[in-house]
Amino acid sequence: MANTPPASDRRNSQMFDRRRATATSGHLELLSKMSGHLAVTLNLEETIQKALDLIVKFVKAEGGALFLLEDKFATLICKASAGPVDIRGIRVKSGEGIVGQCVTEKSSRIVRDVQQDPAFDHSVDDSTGFQTRSILCVPMTVHDKTLGAIELVNKSTDDGLFSETDLLMLQTLASAAALAIHNAHMAEELVEQERVSRELELATEMQRSLLPDTPAAPFPVSGFNLPANEMSGDFYDFFELEDGRIYFSLGDVSGKGMDAALLMSKTASLFRCLGKTLHEPDTLLATINRELCETAIHGMFVTMVCGLLNPETGAVKLANAGHEPPLIHSRDGTFSALPASAPPLGIMPLQAGDTGIRNEAFNLDGGTLYIFTDGVTEGCLEDGSRLEQTGFQDIIRERSELPAAARIEAVVSILSDTGRKRHDDITLLIVEDKRSGLDNHIASDGPGMIARHTFPARADALQAVREVVNNACETCGCATETATDIVIAVGEACQNVVRHAYGDHEEGDATLEIYCEGGILEFRLQDSARPVDREKIKPKWPEELGPGGLGVCLIHDIMDKVDYLPAPEGQGNLLRMVKYIKRKDNNET
Amino acid sequence: MKHEILKKQGASIVVFTGEIDLESSPAARETLLKCFEHTGNVIVDLSDVSYIDSSGVASLVEALQAAKKQGSQFALAAVSEPTRRVLELARLDKVFTLYDSVEQALENQA
């Protein structure tokens with residue numbers, strides 16, 4: 001049999017339904033009003049306060065407070081307060097008191113008589129003189145995350161008790177408030193993120209301004225830097241000295257973050273500043289090293305190459321501290337590497353010279369120097385494999401006839417258009433020998449020949465050779481000081497033939513041919529001894545103090561180009577030395 | 001190349017004249033090293049050297065090393081322009097002690 005309630009109860013129930021209907025329409029009105037406020041608020045605290053006032057009034061409570069969790073959810077702080085006592089700013093530990101328990105347990109509570117509830121904290125009443133009798137407390141949560149709680153005290157109706165309807169009402173309002181607070185926090189974070197990203201943008205711009213402007217073609221040095229993130233730990237720079245030589249540099253700071261970027265900026269500034277006065281790359285690197293060591297940041301270091309190019313002669317002097325070996329792409333298509341002579345900068349004191357950072361002197365002779373960071377050789381291709389040095393060389397070789405900018409573009413696009421996230425900065429510096437007429441060698445039997453001297457490969461024949469050279473220099477009208485230098489260089493070359501090519505027991509002749517055309521003075525020294533070991537004729541000074549090593553060094557220092565040509569009859573050695581001369585009558589030396 | 005050795009204020013003064021090249025540098029080397037058979041400072045007068053090559057420079061370096069070993073002073077005096085140029089190119093102008101004149105070198109003896 002169905003449980004049918006008595007008629008009087010049914011009446012009561014109908015009345016209750018009507019009351020509830022009225023209450024519900026009032027609720028809805030309040031809800032829509034508050035949600036509207038909360039949704040569009042720009043001033044969260046004011047809106048929260050308004051909402052709390054409306055709730056307190058609607059539920060007919062004596063007072064109310066809204067608490068938010070702060071200090072990593074350890075403390076609740078009262079942000080809004082309604083009623084006779086303003087308790088804004090009071091702090092409650094999460095988990096303590098009724099509001100604290102509400103928050104940690106994520107559950108609402110109706111406390112009809114606080115005196116009977118052991119969780120009730122009397123301290124606020126004691127300090128304010130307010131007397132709390134009943135409490136309605138609801139946590140504010142968004143996506144399971146608790147932000148705080150709303151608490152109402154002392155219902156001001158006859159029985160002074162909060163009802164289930166009040167609870168439902170407050171829960172609904174608390175959800176709306178929680179969402180608004182959550183949105184406001186997100187908006188604040190967005191603003192902060194925006195601020196940080198604007199700062200980063202400025203820093204990026206600042207850092208890019210440290211890189212040199214692209215000079216008008218046909219400048220012999222060009223560079224490119226593509227950071228993996230906003231800030232780069234790589235840098236390159238170049239500038240012209242008053243004497244026309246060009247200082248260039250490229251470096252890579254260990255690490256990738258903002259700290260690396262700042263150390264990069266410091267190193268780049270040191271290069272530009274000190275490079276104006278220190279015109280020896282080894283001394284410059286040693287000095288930068290000293291500065292970096294003085295303010296060492298633990299575990300950070302800089303690998304760096306710097307060098308000087310004389311664009312008039314193609315001569316390069318270069319020092320390498322711990323950096324990936326730069327490559328020389330010679331005119332004949334071969335590649336050679338220039339390994340580092342010293343450890344990276346910023347680790348330990350280093351001297352310039354033999355025992356520390358050493359200068360390498362060479363002539364580009366129409367070739368090109370490539371300096372790059374490991375972001376190039378270790379960069380990923382579309383298939384995930386690394387470019388490696390071989391891949392890099394292939395790109396260069398295939399495009400050697402194209403301008404430097406096209407070669408840079410090719411390297412960068414193959415590494416950046418892969419659809420993969422790059423992990424390292426790509427930085428590349430190209431130093432070219434752009435002199436014109438490099439291929440205009442003087443025809444060996446043409447009218448350019450001004451002297452031919454055959455001599456026995458003996459020490460006592462050298463003085464006569466020097467006289468021939470000196471006379472030839474005078475004939476060409478080259479300046480006295482240049483002539484002195486040339487005599488030294490050719491003298492050393494002849495001395496090497498006497499000392500090395502024939503050995504102690506062999507004797508033979510050597511022939512020196514001298515050509516002059518335009519501003520080019522060319523010497524060809526032919527012997528018929530066994531082929532020399534090319535490694536031995538590379539300048540190694542001052543590693544080797546012996547006269548042989550020193551002599552080769554002098555030749556390379558003085559001459560603009562030194563190379564071996566194929567010997568005409570396939571026998572012996574044919575050394576070519578070229579000097580670009582300025583005439584005496586130009587009043588230049 | 002010709003050479004002459006003078007004694008002044010306890011020091012040996014070696015005066016070279018002419019060209020010090022592969023042909024003459026063995027003699028130059030011998031002359032210099034002979035000075036170190038006895039203790040005493042050595043000053044080399046290079047005012048009349050019109051040419052020096054790497055083998056000549058090597059002789060000077062060897063003499064400098066011998067002096068250091070012995071604790072004597074070794075100085076180059078009145079270095080001629082061509083000689084100075086080679087020392088500069090070889091970056092040895094800072095390695096040797098150079099004086100404008102023999103007198104100045106003598107005054108600066110320890």
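In α9 of chain A, the residues F392(A), I395(A) and I396(A) meet R407(A), A410(A), V411(A) and I414(A) of α10(A). Here two residues are in contact if their C-beta atoms, placed from the backbone, lie within 7 Å. By class, this contact has 6 nonpolar, no polar and 1 charged residues. Ala, Val, Leu, Ile, Met, Phe, Trp, Tyr, Cys and Pro count as nonpolar, Asp, Glu, Lys and Arg as charged, and the others, Gly among them, as polar.

The model is predicted: local features need pLDDT of at least 70 and side-chain atom pairs count only at pLDDT 80 or more, while totals for chains, interfaces and linings use all residues. Residues are numbered from 1 along each chain as its sequence is written, and chains are lettered from A and ligands numbered from 1 in the order in which they are written.

Helix α9(A) covers residues 388–398 and helix α10(A) residues 404–416; they pack at an angle of about 140°, with their axes 9 Å apart. Axes are lines fitted to C-alpha atoms, for helices over the stretch in contact, and angles run from 0 to 180 degrees between N-to-C directions. Helices (H or I, at least four residues) and strands (E, at least two) are DSSP runs, numbered from the N terminus.

Chain A has 13 helices and 21 strands. Of its 589 residues, 39% are buried. A residue is buried if 20 or more other C-beta atoms lie within 10 Å of its own, exposed if 12 or fewer, and partly exposed in between. Among contacts in chain A between residues at least 6 apart in sequence, 63% join residues at least 24 apart.

The largest nonpolar core has 74 residues, and A489(A) and M577(A) touch the most other members. Such a core is a set of buried Ala, Val, Leu, Ile, Met, Phe, Trp, Tyr and Cys residues joined through C-beta atoms within 7 Å. The largest share of this core, 10 residues, comes from α12(A). Leaving out residues up to four places away in sequence, M577(A) touches A489(A), V490(A), A493(A), F523(A), I555(A), M559(A) and V562(A). A second, separate core of 59 residues includes L226(A), V302(A), A315(A) and V316(A).

D113(A) sits in the loop between β4 (109–111) and α4 (123–128) of chain A. This residue counts as exposed because 12 C-beta neighbours lie inside 10 Å. Not counting residues up to four places away in sequence, D113(A) touches R133(A) and S134(A). Its C-alpha atom is separated by 9.6 Å from that of G160(A), 47 residues apart along the chain.

In chain B, 5 strands form an open sheet with mixed pairing, in the order β1-β2-β3-β4-β5. Two strands pair if DSSP finds at least two bridges between them. The edge strands, β1 (2–8) and β5 (97–99), each pair on one side only. Strands β2(B) (residues 11–20) and β3(B) (residues 42–52) run parallel and are joined by 8 bridges; E19(B) has Y51(B) as its bridge partner in β3(B). Helix α1(B) (residues 25–35) lies across β1, β2 and β3 of chain B, at about 175° to β2(B).

The two chains also touch: 23 residues of chain A are in contact with 17 residues of chain B. On the side of chain A, α12(A) gives the most, with 8 residues. The table lists the elements that give two or more residues to that side.

| Element | Residue range |
|---|---|
| α11(A) | residues 462–476 |
| α12(A) | residues 480–501 |
| α13(A) | residues 547–558 |
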